[in-house]
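Here is a short note to read alongside the model. Please keep the structure open and follow the points in order.

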Amino acid sequence: MNAPTGTRETGPGGGPREMLRRLRDVMAGIGTPQERLDSTVQVIAHELGAEVCSVYVQRPGRVLELCATQGLNPQAVHRLFFQPGEGLVGQIAETRLPLTLAEAQKHPKFAYRPETGEEAFQSFAGVPIRRSDRVLGVLVVQHVSMRELTEEEVESLETLAMVLAEVLATMSLPGGEPGRDRGPVLIHGIRIHEGVAVGKARLHQPRVVIGGVVAEDPAVEHELLRAALADMHESLDRVMESEALSAAGEHRDVLETYRLIARDTGWIGRIRDAIDSGLTAAASVQKVRDDTRSRMGAVKDEYLRERLADFEDVALRLLRRLAPGEDAAAEQAAAEQAANGGDPFILVARSMGPAELLDYAGDQLKGLVLEEASVTAHVGIVARALDIPVVGRLAHLIDEVDPGDLLIVDGDNGQVFVRPGDDARSQFRESLAAREATRARYAALRDTPAVSRDGVRVSLQMNAGLLVDVSQLQTVGAEGIGLYRTEIPFLVRREYPDVEAQTDLYRRILDGAGDRPVTFRTLDAGGDKRLHSFVHDVEENPALGWRALRIGLDQPAILRQQVRAMIHAAGARPLRVMLPMVATVAEFRSARAIIDLEIERAASRAAGAPKNISVGAMVEVPSALLDIEALAEAADFLSVGSNDLLQFLFAADRSGERTATRYDPLSVVFLEAMRRIAVAGRSAGIDVSVCGEMAGRPLEALTLAALGYRSLSMSAVSIGPVKEAVISTDINALSEFTLYSMKKSTSSIRNRLKNYLSDRR
Ligand code: PEP
Ligand code: MG
């Protein structure tokens, strides 16, 4: 913990607390806003012993304008601009991180502007001026000498920036309010789930705008903090004890984590330090929250990021207690959100966990847009189940959007229109109408079996992972669940579900599916699917690490508990269990022996074991492919995990931006692998299906049918398009053409297949 900053001398003008007061008096004093800002930069320069102090204000379009300076050429004020990301100032606004350099000119981002006369200054230090979640500008100090600011000096600068933010937000400077751009904005991000939607913005975490930043009396602020912490602890304890929570596993765990964080002495100590430096209790919590968020940007590890996000959430809870009443903007935002309660809305968040999204599930949730998040974000799994478009990695989203703003989410192209103009709206209406027409066409096929023109029947099943998925079975006309990913319900909880909880879950899925078969895949944890409730080692190559069946074999209790729950849930119904990432036949046999122990255990009890239990293997590791005939003999069925098989065959990360689409599943090498598996299954007389993404794409699905696959499992939305494709194709003829093309080519046969099919439609 830092020494109390109240006793620290930071410059010629006195301690930081004194400096804050002086600054506040200047800013609240007489004169025009420009005059007060001019005095402010003079005070800061003097207090920090710097030759230069400048304030850049963010204008619409995130352009930064020099609005006041002490030390640079005064002629440059209101004439010097930096585009978004341009120069050191632009970088600070974009990254929201402080920057301190002994020799500014050596930094690759340094953009020399002769009109400023800044060549005389060597060192440079800048911090973003933030208010709530918005960047209003950048505060910069420069020195003639080569000196990098100490960590404590940067902290002081950040504190000054907070005071500046408060005043800037209320000053009417020439050029209008800082940072605001109320016109239409188009933000590009990445597609997490397809689809288009329109609705009013609802913020997942309404912004809290704190009132006073500079404290009159630190003792009073310490007392305010103490009372707010006590109130928060008490309310968390109350919620934990409430009966309503006892059933809700995932929420209980989130709150338990919060309870621990809320008592974290390091965190509370940092808030106290900030109060000692002269800030109010609310501003201190805000400052520590901003610091945490800045650090979050640099953390790559998912688990750590989540822990930091938890700290952020707790800080927000505390902030709401410390800024009641002052928080006019947030109150207004909340009121607007409530007023929009009945309207379709688009959820806007910095990032979001899968369980949190489930809380919003309902008819009015039309889409989700995220400032962070990657294609593999777990929230995407829930979004897919809810079938709402999701776009992630949208830079400055939270800055740009106010509650109630109209948003168009274009999940197909990974972009979002904020406050769209007339053109975008009419384009959206057209694309929505086209989608509706297509949906209606697929809906009409719901009860038609997927039988090709020449009478080949292909069973189309769906992949699922959440209870909400099961209701889709009927809607899309899937014949069963070909892949139930059991790790998904584990992913949305913080605690590891016991046998009873698992039994309840699997039973509800079987009940929901009725007569349709369900294939339960045992836990495929590890890799990108790190469970909150499980200690995963930090691995250099998680995709090749201790994951899936490897965990089940090394810790048989996990596998046994899962199978026990499945057996209980199935009762007299048939049970299909599928093992992920089987690398060798020996692994399959060992797992089967563990499963047999559970079957024997159940058989010796009153309830008995299901009569019909099949145990299958996923084919997704190349070593299994090389021994496929033996695996087909050992297993009751096979299902190809083409996502992983493609990843491992080509050694190309399935979630990497540059690698995910680099190799074509319709390349000869991959199709040859797929053909071998189908042949092995047929020779052994067992079912072979495909449950990776490729099964859900019409051209790929037809090719698989042509290679002999008679069962495909895909996401619910793919059933319609794949069925339409099967119905309109002669599979036997396509089979001949596919095998012929595979002989004739050495690379992808996608175009050949496409041309062949389009000639016959
Ligand atoms: C696969 O690898 O293709 C598969 C279906 O499993 P998952 O995507 O869950 O790894
Ligand atoms: Mg897989």
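1. Start with burial. A residue is buried under 20% relative accessible area, exposed over 50% and partly exposed in between, with a 1.4 Å probe and protein chains only. Tyr484 is buried, at a relative accessible area of 0%. Phe520 is buried too, with a relative accessible area of 0%.

2. A word on the source. This is a predicted model, in which local features need pLDDT of at least 70 and side-chain atom pairs count only at pLDDT 80 or more, while totals for chains, interfaces and linings use all residues. Residues are numbered from 1 along each chain as its sequence is written, chains are lettered from A and ligands numbered from 1 in the order in which they are written, and side-chain values use heavy atoms, leaving out hydrogens and water.

3. Now the aromatic rings. Rings of Phe, Tyr and Trp (its six-membered ring) pair if their centres lie within 6.5 Å; planes under 30 degrees apart count as stacked, over 60 as edge-to-face and the rest as tilted. The count comes to 7 aromatic pairs. In one of them, the ring centres of Tyr484 and Phe520 are 5.7 Å apart and the planes stand at 70°, so this pair is edge-to-face. Tyr484 belongs to strand E16 (residues 481-485) and Phe520 to strand E17 (residues 518-521), so the pair links distant parts of the chain, 36 residues apart. Helices (H or I, at least four residues) and strands (E, at least two) are DSSP runs, numbered from the N terminus. Ring pairs also bring in Tyr506, giving a cluster of Tyr484, Tyr506 and Phe520.

4. Look next at Phe490 and Tyr496. Their ring centres are 5.2 Å apart with planes at 80°, so they too pair edge-to-face. Phe490 is buried, at 1% relative accessibility. Tyr496 is partly exposed, at 24%.

5. Two charges sit over rings. The rule asks for NZ of Lys or CZ of Arg within 6 Å of the ring centre and within 35 degrees of the ring normal. Arg202 lies over the face of Phe345, 3.9 Å from the ring centre. Arg760 has its charged end over the ring of Tyr756, 3.8 Å from the centre.

6. Then the sheet. Two strands pair if DSSP finds at least two bridges between them. Here 8 strands form an open, mixed sheet in the order E7-E14-E13-E9-E10-E11-E12-E8. Strand E7 (185-188) and strand E8 (190-193) are the edges, each pairing on one side only. E8 and strand E12 (residues 390-392) run antiparallel and are joined by 3 bridges. Within this pairing, Ile190 has Gly392 in E12 as its bridge partner.

7. Which residues coordinate the magnesium ion (ligand 2)? They are Glu620 (OE) and Asp644 (OD), at 2.0 to 2.1 Å. Donors are N, O and S atoms within 2.8 Å of the metal (3.2 Å for Na, K and Ca); water is not among the atoms, so sites may look incomplete. Glu620 lies in the loop between strand E19 (613-619) and helix H23 (622-626), and Asp644 in helix H25 (residues 642-649), so the pair ties together parts 24 residues apart in sequence. Glu620 is buried at 2%, and Asp644 is buried at 3%.

8. Last, Asp653. This residue is in the loop between H25 and helix H26 (668-684). Asp653 is partly exposed, at 39% relative accessibility.
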